[in-house]
Amino acid sequence: DCDHYLNNSKAAREAMCFLMDPQMGKKVCFVQFPQRFDGIDRHDRYANRNTVFFDINMKGLDGIQGPVYVGTGCVFRRQALYGYNPPKRAKRPRMVSCDCCPCFGRKKKLDSYKCEVNGDAANGQGFDDDKELLMSQMNFEKKFGQSAIFVTSTLMIEGGVPPSSSPAALLKEAIHVISCGYEDKTEWGLELGWIYGSITEDILTGFKMH
């Protein structure tokens, strides 16, 4: 946080242990550490320790997708700030039937008929694909802004930048993305990143990610 310091040099590594867990790591949105202050008097007359908030309320919320983001001591997963959903579980493989069942035999005939009907429309498939690609690109630009390199980087699960990008192109895009007007007419502050328009933007941001 802007007015705190990190008094545990191992905190970043401990957060990475949760985020990089091979089984549940990709479903972890953020790792948050409670605030702890030095120099508090023995009776804590001003409740600086926040024991009820951090040690009771936050732990109590663990049963409903975890605690909310409280604005400090937190390590985020980029995909969570980008508004992407966690990866879905792998679907169970469909059962393969034998030819003796009449129901499955009928389904095979229907599928073959469907292929024959759709075969006449194959000529327009290329146009539909181009249109779908264009609409997808427009949606990404409306969501993240008009930076092809940045949009591509949001889709990279392991992070980083597109390998084909040159240092000069990356510098140019970085200057473009950090400009004051880049977020105009995008979803930044509304659906992505920190939510604007409130003095408790941290709580709203946590709710959006939940």
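Is Phe140 buried, exposed or partly exposed? Keep that question open while you look around this predicted model.

**Whole chain.** Show the chain as a cartoon. Its secondary structure comes to eight helices and two strands. Follow it from the N terminus, and the elements run α-β-α-β-α-α-α-α-α-α. The accessible area is about 16600 Å², with 59% of it belonging to carbon and sulfur atoms. Of the 210 residues, 22% count as buried. Next, contacts between residues at least 6 apart in sequence: 63% of these join residues at least 24 apart.

**Aromatic rings.** Select Phe, Tyr and Trp side chains. The structure holds 15 aromatic pairs. Zoom in on Tyr82 and Phe144. Their ring centres lie 5.8 Å apart and their planes stand at 90 degrees, so this pair is edge-to-face. The pair links distant parts of the chain, 62 residues apart. Tyr82 sits in the loop between α3 (78-81) and α4 (102-119), while Phe144 belongs to helix α5 (residues 125-144). Tyr82 is buried, at 9% relative accessible area. Phe144 is buried too, at 0%.

**Along helix α5.** Phe140 and Phe144 are four residues apart in helix α5, so about one helical turn separates them. Here the opening question gets its answer. Phe140 is partly exposed, because its relative accessible area is 23% and buried means under 20%.

Note on methods:
Residues are numbered from 1 along each chain as its sequence is written. This is a predicted model: local features need pLDDT of at least 70, side-chain atom pairs count only at pLDDT 80 or more; totals for chains, interfaces and linings use all residues. Side-chain values use heavy atoms; hydrogens and water are left out. Buried means under 20% relative accessible area, exposed over 50%, partly exposed in between (1.4 Å probe, protein chains only). Contact means heavy atoms within 4.5 Å. Accessible areas come from the Shrake-Rupley method with a 1.4 Å probe; for residues, only the protein chains shown count as cover. Rings of Phe, Tyr and Trp (its six-membered ring) pair if their centres lie within 6.5 Å; planes under 30 degrees apart count as stacked, over 60 as edge-to-face and the rest as tilted.
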